[in-house]
Amino acid sequence: MAFAGILSDADVAAALQACQAADSFNYKSFFAKVGLSAKSADDIKKAFYVIDQDKSGFIEEEELKLFLQTFSASARALTDAETKAFLKAGDADGDGMIGVDEFAALVKA
């Protein structure tokens with residue numbers, strides 16, 4: 001598991017279960033359920049680099065769409081509406097991407 005040592009398998013499973021229906025994803029409740037919002041800044045950065053699939057230093061819209069699949073390969077993709085809302089919430093500087101500091105702020109929001 002990519003988040004081994006950061007998140008518990010049980011928390012990940014519960015968080016994914018809570019948002020398996022289309023348009024039910026809420027980043028605040030997901031980060032709380034998965035346990036990420038209670039983690040240290042270092043663990044949040046580690047999680048960011050797992051989600052940043054292309055290792056660009058940013059989470060782009062396509063990576064956000066597949067966000068849940070970074071937690072479990074069998075998870076669904078986010079809908080376009082969920083992806084755009086997630087990006088809008090996290091993209092503080094308006095560059096169309098979420099950087100590590102923006103991600104940390106989003107997790108702690």
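Student: Which side chain does aspartate 43 meet in a salt bridge?
Tutor: Lysine 46. The N to O distance is 3.7 Å. Keep in mind that this is a predicted model.

Student: How far apart are aspartate 43 and lysine 46 in helix H3?
Tutor: They are 3 residues apart, so about one helical turn separates them.

Student: Is aspartate 43 buried or exposed?
Tutor: Aspartate 43 counts as buried because its relative accessibility is 15%, and the cut-off for buried is under 20%. Lysine 46 is at 41%, so lysine 46 counts as partly exposed.

Student: How many salt bridges does the count come to?
Tutor: The count comes to 5 salt bridges.

Student: What does lysine 65 form a salt bridge with?
Tutor: Aspartate 80. Their closest N and O atoms are 2.7 Å apart. Lysine 65 lies in helix H4 (residues 61-65) and aspartate 80 in helix H5, so this pair ties together parts 15 residues apart in sequence.

Student: And the accessibility of lysine 65?
Tutor: Lysine 65 has a relative accessible area of 22%, so it is partly exposed. Aspartate 80 counts as exposed, at 52% relative accessibility.

Student: What about arginine 76? Which side chain does it meet?
Tutor: Glutamate 82, in a salt bridge with an N to O distance of 2.8 Å. Arginine 76 counts as buried at 18% relative accessibility. Glutamate 82 is buried too, with a relative accessible area of 7%.

Student: Changing topic. How many residues are in the largest nonpolar core?
Tutor: That core has 32 residues. Those with the most contacts inside it are Phe30, Phe31, Leu36, Phe67, Phe71 and Phe103.

Student: Which helices each supply at least two residues of this core?
Tutor: Helix H1 (9-18), H2 (27-34), H3 (41-51), H5 (80-90) and H6 (100-108). H3 gives the most, with 5 residues.

Student: Let's zoom in on leucine 36. What does it touch?
Tutor: Leaving out residues up to four places away in sequence, leucine 36 touches Ile6, Leu7, Phe31, Asp43, Ile44, Ala47, Phe103 and Val107.

Student: Asp43 again. So where do the two topics meet?
Tutor: Asp43 is one of the residues that leucine 36 touches. The side chain of aspartate 43 also meets lysine 46 in the salt bridge we began with. Leu36 itself is among the residues with the most contacts inside the largest nonpolar core.

Note on methods:
Residues numbered from 1 in each chain as written. Predicted model: local features only at pLDDT ≥ 70, side-chain atom pairs only at ≥ 80, totals over all residues. Heavy atoms only, no water. Core = buried A, V, L, I, M, F, W, Y, C linked by side-chain atoms within 4.5 Å. Buried < 20%, exposed > 50% of the residue type's maximum accessible area, 1.4 Å probe, protein only. Helix = DSSP H or I, 4+ residues; strand = E, 2+ residues; numbered from the N terminus. Contact = heavy atoms within 4.5 Å. Salt bridge = Lys/Arg side-chain N within 4 Å of Asp/Glu carboxyl O.
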